[in-house]
Amino acid sequence: MTKKLTVSLLDYGAGNVRSVRNAITSCGYSIIDITSPSQIDEADVIIFPGVGSYESAMTVLQTTGYDNALRAYLAADRPYLGICLGMQTLFESSTEYRDEHSGNTSKTELPGLGVIPGHVIKFDETQRSVPHIGWNGTIAHQNSPAMRYIKDNHGDEVYFVHSYYAPITDNNSKWVLTRTTYEGQEYISSVQKGNVCATQFHPEKSGKTGLNFLKGFLESVEDGTLSNTAPIAVNPNDHTELVKRVVVALDVRSNDHGDLVVTKGDQYDVREKDDDAVTGRGGVRNLGKPVSLAARYYEEGADEIAFLNITSFRQGVIEDMPMLQVLEEASKSIFVPLTVGGGIRSYTDPESGKVYSALEVASRYFRAGADKISIGSDAVYAAEDYYASGGKKTGETSLETISHRYGVQAVVVSIDPKRVYVASPESVDKKHTVVSLDESQAGPNGERYCWYQCTVKGGREAKDICAVSVAKASEALGAGEIMLNCIDMDGQCNGFDHALMTAVSTAVTIPVIASSGAGKESHFSDVFKATKVQAALAAGMFHRKEVEISNVKKHMEASGIRARIV
């Protein structure tokens, strides 16, 4: 049943706002879009889901005239909920100012709305992985009616994805609603003063806990109790912990009948074995429908879901791309982060001749419900060009254009390497990173060394560049996360390639997701204990119901690895 309160949504056109809309409507409230500054004063309550980069957000607010209208609205203590950048823009300024390509280096900070004292700064990459991506806890500094449905128990973690944070200071301490710890750094994870509330975390991506927060906030606005907050005693020795993520991947492609299905490969071969066929290859392995499978994994406790189109999208009008419908439907009932990969590149419509940039393709994905996009082959090509130019950025690659508009946290690079076994490190070109292998991983001739050669086009074409080099170039060009696959381990169910995960995760400061090889619960615990990866991904073992997500997390907890228990 729709409630009487109408939510005014300030959508300035960046990132995934569809999930916020779906979360609000799932709580029973109707929405009106703010399309002019005059509507701000007329609003019952405003929700500002700032997504992307601080510079993009403030530029749009200023050019549209929303900034002054918002300042007046907030000064009058009117009901407001800012999300992520919607919180950061409340502060005096941010150091997230980038203008490298124009040559303008005169500014080090970009002014914000100036409602809350303090400055937003970047996490120190020398001390922790940046961005801060994943599920973390919160420590309450105030009792608030907005938190009426939050139990603050293990399992009530919320989802964060950001590179910049607001430190707690004497001048803003009375604003602090909750704080969070990220690898030793305490920061403000939500604020409230009167009727003005904001979160660094994403309630629309925080599962049932996030929906409960939205419900509590909106009901508090409706019954007039939102401002009834009270400070509580805080123990400075209390800290929160980022949990390790369990990610489920759905490899999506059309089968031989034209239906979009979830499949799973064996070293990237997704067809059934058919010894009687002329080719020895049967039909595409069909493990279910994308949206229904994703909904199942959400209910079972997946921390993130990745839709990977393993054959890339057919050429055609951008509005007709099949994954758009999948995302739009999935985001109606799935409130954890959704990543989409495959086809994130520029292409030409064969009918109209119109050229679509990678940024335009990504923008359409975000509007359809994606939180992150995954770039594969394009990242390898960009890395080759990056090294060929001596490490110069053009500002024109898909990584750079998308991350500049939407923030590095929205860009994942998926790397598909395969082992090249060698007798000794000295026999390999020095531009490649060589790793040592234990006896169980030795090559066909007993080789105890290898380098990981990157591939493109779904593993069909090898390039003369290693996985470590692509990861480092991707970080420099604007990737916020690495999804690290291994063709040799894919479908083998023997565990993740620890040597590869270690080589890459120690070479970059951005988070790494381990992929390829999981076959049982212990494989997740093993890779988390042995390497620096922050997340691990599996597909087939979940699709075939050989292993339950809950059992993976129970094994992690029993092994001393923090997991989100739902």
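Here are some exercises on a predicted protein model, each with a worked solution.

**Exercise 1. Get an overview of the chain: how many helices and strands are there, and what share of the residues is buried?**

Step 1. Start with the secondary structure: the protein chain holds 16 helices and 33 strands.

Step 2. Turn to burial. Of the 566 residues in the chain, 57% are buried.

Step 3. Finish with the contacts. Among those with a separation of 6 or more, 74% join residues 24 or more positions apart.

**Exercise 2. Work out the strand order of the eight-stranded open sheet, and find its edge strands.**

Step 1. Follow the sheet across: the order is β2-β1-β3-β4-β15-β14-β13-β9, with mixed pairing.

Step 2. Look for strands that pair on one side only. These edge strands are β2 (30–33) and β9 (139–140).

Step 3. Zoom in on one pair. Strand β13 (residues 176–182) runs antiparallel to strand β14 (residues 185–193), and six bridges link them. Thr178, for example, has Ser190 in β14 as its bridge partner.

**Exercise 3. Describe how helices α8 and α9 pack: are they roughly parallel or roughly antiparallel?**

Step 1. Recall what is needed: two packed helices are described by the angle between their axes and the distance between those axes.

Step 2. For α8 (residues 322–330) and α9, the angle is about 30° and the axes are 8 Å apart.

Step 3. Angles under 35 degrees count as roughly parallel, so α8 and α9 are roughly parallel to each other.

Step 4. Name the residues that meet. Leu324, Leu327 and Glu328 come from α8, while Arg364, Tyr365 and Ala368 come from α9.

**Exercise 4. Explain why α9 is described as largely enclosed, then examine Ala368.**

Step 1. Count the buried residues: nine of the 11 residues of α9 are buried, so the helix is largely enclosed by the rest of the structure. Among them are Leu359, Val361, Tyr365 and Phe366.

Step 2. Now take Ala368, which lies in α9 (residues 358–368). Its relative accessibility is 0%, so Ala368 counts as buried.

Step 3. List its contacts beyond four places in sequence: Arg18, Leu324, Leu327, Glu328 and Ser331.

Step 4. Compare sequence with space. Ser19 and Ala368 are 349 residues apart along the chain, yet 8.9 Å separates their C-alpha atoms.

Step 5. Check what comes next: just after α9, Gly369 takes a positive phi of about 130°.

**Exercise 5. Is Gln142 buried or exposed, and what does its side chain reach?**

Step 1. Locate Gln142 in strand β10 (residues 142–143).

Step 2. Buried means under 20% relative accessible area. Gln142 has 8% relative accessibility, so it counts as buried.

Step 3. Follow the side chain: one of its polar atoms lies 3.1 Å from the backbone oxygen of Gln192.

Step 4. Leaving out residues up to four places away in sequence, Gln142 touches several others, including Trp175, Leu177, Gln192, Pro231 and Ile232.

Definitions and conventions: Residues are numbered from 1 along each chain as its sequence is written. This is a predicted model: local features need pLDDT of at least 70, side-chain atom pairs count only at pLDDT 80 or more; totals for chains, interfaces and linings use all residues. Side-chain values use heavy atoms; hydrogens and water are left out. Helices (H or I, at least four residues) and strands (E, at least two) are DSSP runs, numbered from the N terminus. Buried means under 20% relative accessible area, exposed over 50%, partly exposed in between (1.4 Å probe, protein chains only). Contact means heavy atoms within 4.5 Å. A polar contact is a pair of N or O atoms within 3.5 Å; within protein, one must be able to donate a hydrogen and the other to accept it, and residues adjacent in sequence count only if both atoms are side-chain atoms. Axes are lines fitted to C-alpha atoms, for helices over the stretch in contact, and angles run from 0 to 180 degrees between N-to-C directions. Angles under 35 degrees count as roughly parallel, over 145 as roughly antiparallel, 65 to 115 as roughly perpendicular and the rest as oblique. Two strands pair if DSSP finds at least two bridges between them.
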